[in-house]
Amino acid sequence: MGSSGSPPEGDLLTISAKIVVAGGFGVGKTTFVGAVSEVPPMSNEAWMTEAGEGIDEIPPGGKSTTTVAMDFGRITLRPDLLLYLFGTPGQARFWFLWDDLSRGALGAVVLVDTSRIDESFAAINYFENDSELPFVVAVNQFEGKPVHDLDEVRDALALDASVPLVTCDARDRASTIATLTELVGHTLSLAVLSGPVGRELAGSAPHA
């Protein structure tokens, strides 16, 4: 008989955590959640109609639907860490939902479209000033989008040096996983977690 300090793999305690995916209108939040979710994502999308003309700006590319409540997906980031993803609506008239969606979350990913960078200011301001959640900013970069140096993007966003800034392709599963991994690592490095869940997360984090 032998003993081990680690439980058998089958006995691992699975910890679940909530992640918010935020950003401006049409920046790729629904795509991000859909690309990474292990289950069919739930999306509360509605067709944009003439009733919204003058209220909701139509982004380039002819977006015809809009998220009116939230997007939802799920991913097992590690064998012992399950993430539930909640995508926020981007339009200003739905911002009142952000507090509810952020409550109890581990952290947030703020998506940025550099062709409409002004659309990102409200989301970044929210997580900098109106929320205590750790967050990372991810530039949604894919073919056809202009490429900008990340230092230039940081300056344009007036983003604090302590906030991680990365690039991602919201359509690509591996890229979205890398972004979520960056967020989890950033959250743990800030040591902002408390209670049993936080201690278990910190204890299960991979060591360099």
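**Buried charges and nonpolar cores**

D113 is buried, at 7% relative accessibility (buried means under 20% relative accessible area, exposed over 50%, partly exposed in between, with a 1.4 Å probe and protein chains only). Its salt-bridge partner is R116, with the closest N and O atoms 3.8 Å apart. A salt bridge here is a side-chain nitrogen of Lys or Arg within 4 Å of a carboxyl oxygen of Asp or Glu. R116 is also buried, at 9%.

The model is predicted: local features need pLDDT of at least 70, side-chain atom pairs count only at pLDDT 80 or more, and totals for chains, interfaces and linings use all residues. Residues are numbered from 1 along each chain as its sequence is written, and side-chain values use heavy atoms, without hydrogens and water.

The structure holds four salt bridges. One of them joins D80 and R78 at 3.4 Å, N to O. D80 is buried at 11%, and R78 is buried at 18%. Another links D169 to R171, with the closest N and O atoms 2.9 Å apart. D169 is buried at 16%.

The largest nonpolar core has 23 residues. Such a core is a set of buried Ala, Val, Leu, Ile, Met, Phe, Trp, Tyr and Cys residues joined through side-chain atoms within 4.5 Å. I19, F32, L83, L85, V109, L111 and L180 touch the most other members. A second, separate core of 21 residues includes V20, A22, A108 and L157.

Beyond its neighbours within four places in sequence, F32 is in contact (heavy atoms within 4.5 Å) with residues including V21, V109, L111 and L180.
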